[in-house]
Number of protein chains: 2
Amino acid sequence: MSSVAPTFQCINCSTRVPLDQAVYACPTCGHLLEVHIDPEVFRARGPEEWKALFDQRLAGQPGPDGSGVWRFREWVLPGLPVDDIVTLGEGGSALTRSPRLNEHLGIDLLTKQCGHTLSGSFKDLGMTVLISHVNRLRKLGHDIPAVACASTGDTSAALAAYGAAAGIRTLVLLPTGKVSAAQLVQPLSHGARVLAIETDFDGCMVHVQKLCGEGNVYLANSKNSLRIEGQKTVAFEICQGLRWKLPDWVVIPGGNLGNVSALARGFEQLRLAGITDRIPRIMCAQASAADPLYNSYEHDFAPLVPQQAQDTMANAIRIGNPVSFPKAIHALKASAGVVTSVTEQELAEAAREADAHGFFLCPHTAVAYGGIKQGIKSGLISKSQQVVVVSTAHGLKFTEFKNHCAADTIPSVELPEPYRPIHVEDDLAQVLNAALGE
Amino acid sequence: MSSVAPTFQCINCSTRVPLDQAVYACPTCGHLLEVHIDPEVFRARGPEEWKALFDQRLAGQPGPDGSGVWRFREWVLPGLPVDDIVTLGEGGSALTRSPRLNEHLGIDLLTKQCGHTLSGSFKDLGMTVLISHVNRLRKLGHDIPAVACASTGDTSAALAAYGAAAGIRTLVLLPTGKVSAAQLVQPLSHGARVLAIETDFDGCMVHVQKLCGEGNVYLANSKNSLRIEGQKTVAFEICQGLRWKLPDWVVIPGGNLGNVSALARGFEQLRLAGITDRIPRIMCAQASAADPLYNSYEHDFAPLVPQQAQDTMANAIRIGNPVSFPKAIHALKASAGVVTSVTEQELAEAAREADAHGFFLCPHTAVAYGGIKQGIKSGLISKSQQVVVVSTAHGLKFTEFKNHCAADTIPSVELPEPYRPIHVEDDLAQVLNAALGE
């Protein structure tokens with residue numbers, strides 16, 4: 001490819017930094033970086049040629065062709081040698097429709113099941129890119145002894161899985177005593193080195209950044225814009241799954257907001273390639289307990305006012321001061337986007353309703369469903385419009401939430417009735433009655 | 001299609017029963033049934049035509065085309081109207097390779113990730129077929145008020161999910177007091193009616209069969225041969241994922257043994273269609289705690305001697321008297337198959353090794369890995385052979401096993417060292433040392 005190699009680029013002052021440098025913020029002005037890809041990359045083939053190329057790489061094949069990220073490798077870190085890719089078959093997830101639910105809602109709702117994956121969340125999409133890049137740098141002789149993050153949840157699980165696949169040491173930094181066994185079982189199983197530090201979460205963030213300076217460790221937290229390059233492929237897969245058509249809306253839960261900008265970036269690149277001629281409207285749904293983007297949106301995209309996040313079942317988006325706020329504002333403006341704020345009551349009702357129609361929502365995806373319900377009620381989403389919701393994790397990662405939701409024991413939430421087993425004696429008449437009665 | 005509609009057929013006396021009857025054993029001799037499909041169905045097109053048809057139905061599309069089961073619908077309940085299909089995007093799972101692990105093992109091992117799905121296990125493949133069939137029967141006016149199973153695990157989760165999608169009542173029968181919250185969260189979330197009966201598991205099986213007689217309830221336990229019609233598509237997907245080539249071996253864990261016969265059936269049908277000219281060798285791996293098939297195999301496929309199953313981490317295959325024994329024998333003979341018996345020590349070591357290379361094995365898939373290790377050691381599996389292991393469930397469904405495996409607390413198993421967090425003070429030198437030391 002004759003085009004210029006991708007670089008990091010500051011979203012504020014456009015300073016560029018080579019991709020092989022370990023930088024996570026603009027060295028000139030300190031703002032967020034993004035990966036700059038020469039637009040000619042997307043014009044190197046015609047739209048029909050691109051579609052044919054991507055369609056012949058089937059999900060279910062081994063190696064990069066079978067990955068929902070690397071199937072689009074001409075657009076994801078172009079120039080990365082295929083042999084350096086570390087893939088665990090990420091992406092390629094189902095786009096599910098429940099006709100019964102859609103009849104009830106009056107729209108054509110589709111669910112992109114990004115949680116049906118090795119680590120159980122969409123984080124695999126970004127991590128395959130980050131680890132493949134580090135794999136390349138190490139082969140080129142860079143001294144990178146480990147990759148690290150401060151995280152209790154999905155990020156550490158995905159980091160550990162891809163590090164294990166690549167044979168690269170991974171470090172997970174956590175505050176002592178704030179760590180449950182369930183949060184640790186994935187990174188520990190993958191052999192991650194887990195440091196329990198006598199400090200709080202902010203203290204862990206300070207340490208991880210020092211490790212990345214003094215220890216040459218590579219940073220995997222969401223400040224690292226390489227992860228967006230994997231996450232943007234959700235947009236490509238949605239479009240390909242609809243036979244290269246676009247839905248009217250794409251709805252996604254929002255916390256640190258990297259996902260919102262990743263989606264818009266993916267749709268923008270499809271347009272650059274001439275495959276589409278517009279961008280679907282993006283709805284970012286926030287939990288009311290932590291909705292600084294919603295507050296900005298309600299005030300005509302006013303500057304960020306950080307919040308003290310309150311308790312929410314959707315704990316992965318319990319973020320009062322989101323890292324990717326400026327990118328998200330840009331994405332929403334570019335897509336005629338909207339932001340909704342969803343209460344605990346609304347998210348619990350949404351989870352109940354979706355699960356009763358064959359889904360098994362994580363609490364964050366339940367927030368997105370709650371946003372859709374608001375949109376239908378207010379008329380923002382019109383009858384018969386097509387809406388794709390991005391399911392960000394598997395419900396199996398959130399059994400505590402599922403148990404609370406079934407038993408109706410979520411604080412400050414009231415559901416119609418708890419779901420409980422029916423106790424019957426060892427007697428056929430009683431069994432028949434319990435089984436088939438109203 | 002001019003061919004004869006599929007029927008049930010006895011594997012012993014060949015008695016045929018129409019598919020719209022609710023029968024689960026031969027009315028003449030009481031043996032197992034299978035679904036008989038006219039061989040002409042597979043010859044209705046040429047092999048190149050079939051491959052082109054299936055390749056153009058991409059995973060990631062909504063509806064039957066995007067399903068790894070219904071992509072092959074000409075061969076799965078042929079004649080079922082497409083509108084009656086109840087799909088949740090099952091199948092289409094990744095076929096994952098870890099180059100590092102393969103270098104270590106000396107073979108080309110691929111993992112078919114059947115647990116990356118809505119309910120988290122391969123049971124979705126069979127349940128979409130069973131529920132779609134019931135959906136059809138109900139539309140035709142059959143009085144089927146509910147579908148039921150006696151199960152504490154994966155079967156009830158899959159049944160409840162597909163029942164919810166279809167709007168069909170599902171019943172899960174369980175012995176009182178033997179039910180943990182984790183086992184119940186999936187069926188309850190999907191709105192299944194869960195009956196806790198004052199009896200043991202065998203008593204629940206008696207009740208479920210009476211419900212199916214006196215109450216017209218449809219039986220979803222593995223005696224029902226419709227589920228095999230979905231499970232056989234794993235063979236189709238493996239072959240398609242390898243660009244219509246076959247591996248040397250397919251390895252699968254075995255308990256009730258329906259899966260073994262489903263695999264052989266799928267590969268046999270690919271041969272009928274002229275796409276392949278042989279069948280890969282099948283290895284069924286059993287836990288040593290419950291290995292009646294292994295004992296039969298070791299004695300030249302002697303008749304089944306039921307066992308009292310012992311405790312094993314692989315509790316879904318803790319079955320001493322497997323329902324599908326005769327079908328499994330037939331499948332193994334047809335595929336030059338073998339059976340291995342894997343100890344708790346071997347399964348735990350296999351899980352540790354695989355997870356350290358980017359997998360996250362459920363205990364049953366760990367049994368299959370243990371069988372592969374035995375096969376390599378004995379020379380049965382040759383250097384550079386291609387082996388596909390069928391991963392039957394997501395590790396996230398087995399957090400207790402994962403915790404025990406990480407902490408080295410599995411009874412009678414000894415692992416090199418427990419995986420635990422490293423505690424350090426709030427001090428950079430200590431953090432650097434813990435992060436980067438040996």
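How much area is buried between chain B and chain A, and what share of that area do carbon and sulfur atoms give? In this predicted model, local features need pLDDT of at least 70 and side-chain atom pairs count only at pLDDT 80 or more, while totals for chains, interfaces and linings use all residues. Residues are numbered from 1 along each chain as its sequence is written, chains are lettered from A and ligands numbered from 1 in the order in which they are written, and side-chain values use heavy atoms, with hydrogens and water left out.

The buried area comes to about 7400 Å², with 61% from carbon and sulfur atoms; this is accessible area (1.4 Å probe) lost on putting the two parts together, summed over both. On the chain B side, the residues touching chain A split into 40 nonpolar, 30 polar and 18 charged (Ala, Val, Leu, Ile, Met, Phe, Trp, Tyr, Cys and Pro are nonpolar, Asp, Glu, Lys and Arg charged, and the others, Gly among them, polar). In contact terms (heavy atoms within 4.5 Å), 88 residues of chain B meet 90 of chain A.

As for symmetry, a rotation of 180 degrees with 0.0 Å of shift along its axis puts chain B on chain A at an RMSD of 0.0 Å (least squares on C-alpha atoms of residues with pLDDT of at least 70 in both copies). That is the relation of a two-fold axis. His116(B) has the chain B C-alpha nearest the axis, 2.4 Å from it.
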